[in-house]
Amino acid sequence: MARTKDGGEALRQFKSDLRAGTLRSLYVFCGEEAYLREYYIRQLEQKLTGGSPDAFNYHRFSAENFSPEAVSDAVEAMPMLSSRTLVRMDDVDLFKLPEGARGQMTDILSDLPDYCCVALYYDTVAYKPNGTMKKLAEALKNHAQVLEFTKPGESDLAAWVLRHFRAHEKNIPDELCRYLIFLTDGSMTTLGSEIDKIAAFCSGQTITRSDIDAVVTPALSAQSFDISNAVAKGNYELALTKLQTLFALQEDEFMILGALGAQIRRLYYARVVAAAGKGADALMELTGMKSYAAGVTMTAARGMTDAFCERAVELCLETDYQMKSGGGDAQRLLELLLARLYEEAHRA
């Protein structure tokens with residue numbers, strides 16, 4: 001399910017090495033799919049240290065407590081009652097280190113002892129090798145196995161959801177798998193917890209849409225679709241209620257506007273795609289949307305006009321400018337945006 005830059009070969013090799021106990025000395029864990037990233041770093045920890053964060057042979061560093069000298073000491077420390085040690089570094093951007101520290105880390109990573117495994121783990125910091133820093137970039141290229149986890153495709157994700165429901169002795173139709181993926185924006189971390197909740201709530205053997213709707217809190221992307229759809233249908237009260245719910249959940253106003261603006265643009269794209277005589281597949285290719293989201297967006301777009309979609313995009317940009325320039329209370333500006341969208345929907 002994970003994808004790496006080389007098409008998944010790095011991950012397949014890593015899993016093979018885990019089973020065989022032939023792990024390399026240097027790994028980079030990165031990418032947007034946090035669930036898989038965390039799952040496989042735990043597999044590495046389990047293999048080398050038994051999974052205990054307090055294990056004698058486990059040394060962990062963050063940007064706050066990192067120094068090349070401390071890492072060097074950890075790397076050189078001989079394992080006790082084990083054949084390997086594990087040194088983990090979280091969100092340490094090696095390419096932004098001062099030149100001296102960067103040189104030290106280049107030397108350390110280029111000559112790791114056989115009994116030590118170093119894992120560079122990137123969560124809140126992106127892993128971006130800088131080719132202008134040739135020695136460090138070359139050391140990572142020559143010695144590190146990079147595992148970059150991206151969000152799996154919808155079919156793989158739906159199969160994963162199905163397997164997890166079956167582990168709870170529940171079944172779920174494929175269409176509802178895709179609906180659940182839409183509600184959670186495809187986040188495997190969120191899906192995992194929501195599957196547990198749905199399975200516990202469902203009294204029957206087969207999951208229904210009412211089971212999902214009863215316990216799942218939709219992601220911001222799904223709620224932004226509901227808001228834009230309510231506006232387009234003339235249900236301003238519903239749109240405002242959903243917006244105020246987001247305020248109550250303390251969602252960031254800029255994130256709300258970003259999600260709403262993105263969905264407005266997708267509706268505009270759907271109009272363009274439909275005008276060209278194409279359907280949801282073309283919209284998926286254009287925007288990267290998954291099938292359920294693309295289908296409901298195409299359906300919603302049929303009830304709108306080109307004039308409304310174009311003006312809606314402009315209004316979102318105007319609101320963005322006003323919020324960033326301090327032109328008023330952010331929540332009030334978002335409420336005003338809905339009112340203006342409502343007016344435009346009726347005018348169109």
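Which residue, with a positive phi, follows helix 7? In this predicted model, helix 7 is followed by Asp185, whose phi is near 60°.

## Overall architecture

The chain contains 16 helices and five strands. Along the principal axes, its C-alpha atoms fill a box of roughly 75 × 55 × 40 Å. Of its 348 residues, 45% count as buried.

## Nonpolar cores

The largest nonpolar core comprises 84 residues. Within this core, the residues with the most contacts are Phe14, Phe29, Leu44, Val161, Phe165, Leu180 and Ile212. Helix 12 (residues 253-275) gives the most to this core, contributing eight residues. Another core, of 29 residues, lies apart from it and includes Leu26, Phe95, Ala101 and Ile108.

The surroundings of Leu44 can be listed residue by residue. When residues up to four places away in sequence are not counted, Leu44 touches Phe14, Leu18, Leu23, Phe29, Leu86, Cys117 and Ala119. Two of these partners, Phe14 and Phe29, are also named among the residues with the most contacts inside the largest core.

Helix 7 is mostly covered, with nine of its 11 residues buried. The buried positions are Leu176, Cys177, Arg178, Tyr179, Leu180, Ile181, Phe182, Leu183 and Thr184. They pack against helix 6, helix 8, helix 9, helix 10 and helix 14 (291-302). One of the buried residues, Leu180, is also among those with the most contacts inside the largest nonpolar core.

Most residues other than glycine have a negative phi. Asp185, in the loop between helix 7 and helix 8, has instead a positive phi of about 60° although it is not a glycine. Its relative accessible area is 41%, so Asp185 is partly exposed. Glu169 lies in the loop between helix 6 and helix 7, and its phi is likewise positive, near 65°. With a relative accessible area of 67%, Glu169 is above the 50% cut-off and therefore counts as exposed.

## Helix 8

Helix 8 (residues 188-201) has 14 residues, which should span 20 Å at 1.5 Å a residue. The buried residues of helix 8 are Met188, Leu191, Gly192, Glu194, Ile195, Ile198 and Ala199. Their packing partners are helix 2 (34-49), helix 6 (154-167), helix 7 (174-184) and helix 9 (209-215).

Met188 is found in helix 8. Because its relative accessible area is 0%, under the 20% cut-off, Met188 counts as buried. Met188 and Leu157 are 31 residues apart in sequence, while their C-alpha atoms are 8.1 Å apart in space.

## Helix 16 and its crossing with helix 10

Helix 16 has 18 residues and reaches 26 Å from its first C-alpha to its last, close to the 26 Å expected at 1.5 Å a residue. Its buried residues are Ala330, Leu333, Leu334, Glu335, Leu337, Leu338, Leu341 and Glu344. These pack against helix 10, helix 11 (236-248), helix 12 and helix 15 (306-324).

How do helix 10 and helix 16 meet, and at what angle do their axes cross? The axes of helix 10 (residues 220-232) and helix 16 (residues 330-347) come within 8 Å and cross at roughly 45°. That angle is why helix 10 is described as oblique to helix 16. On the helix 10 side, the contact is made by Ile227, Val231 and Ala232, and on the helix 16 side by Leu338, Leu341, Tyr342 and Ala345. The residues of this contact divide into seven nonpolar, no polar and no charged. Leu338 and Leu341, which take part in the contact, are also among the buried residues of helix 16.

Asp281 belongs to helix 13 (residues 280-287). Its relative accessibility is 63%, so Asp281 counts as exposed. Asp281 and Gly295 are 14 residues apart along the chain, and their C-alpha atoms are separated by 8.7 Å.

Key. Residues are numbered from 1 along each chain as its sequence is written. This is a predicted model: local features need pLDDT of at least 70, side-chain atom pairs count only at pLDDT 80 or more; totals for chains, interfaces and linings use all residues. Side-chain values use heavy atoms; hydrogens and water are left out. Axes are lines fitted to C-alpha atoms, for helices over the stretch in contact, and angles run from 0 to 180 degrees between N-to-C directions. Helices (H or I, at least four residues) and strands (E, at least two) are DSSP runs, numbered from the N terminus. Angles under 35 degrees count as roughly parallel, over 145 as roughly antiparallel, 65 to 115 as roughly perpendicular and the rest as oblique. Contact means heavy atoms within 4.5 Å. Ala, Val, Leu, Ile, Met, Phe, Trp, Tyr, Cys and Pro count as nonpolar, Asp, Glu, Lys and Arg as charged, and the others, Gly among them, as polar. A nonpolar core is a set of buried Ala, Val, Leu, Ile, Met, Phe, Trp, Tyr and Cys residues joined through side-chain atoms within 4.5 Å. Buried means under 20% relative accessible area, exposed over 50%, partly exposed in between (1.4 Å probe, protein chains only). The expected span of a helix is 1.5 Å times one less than its number of residues.
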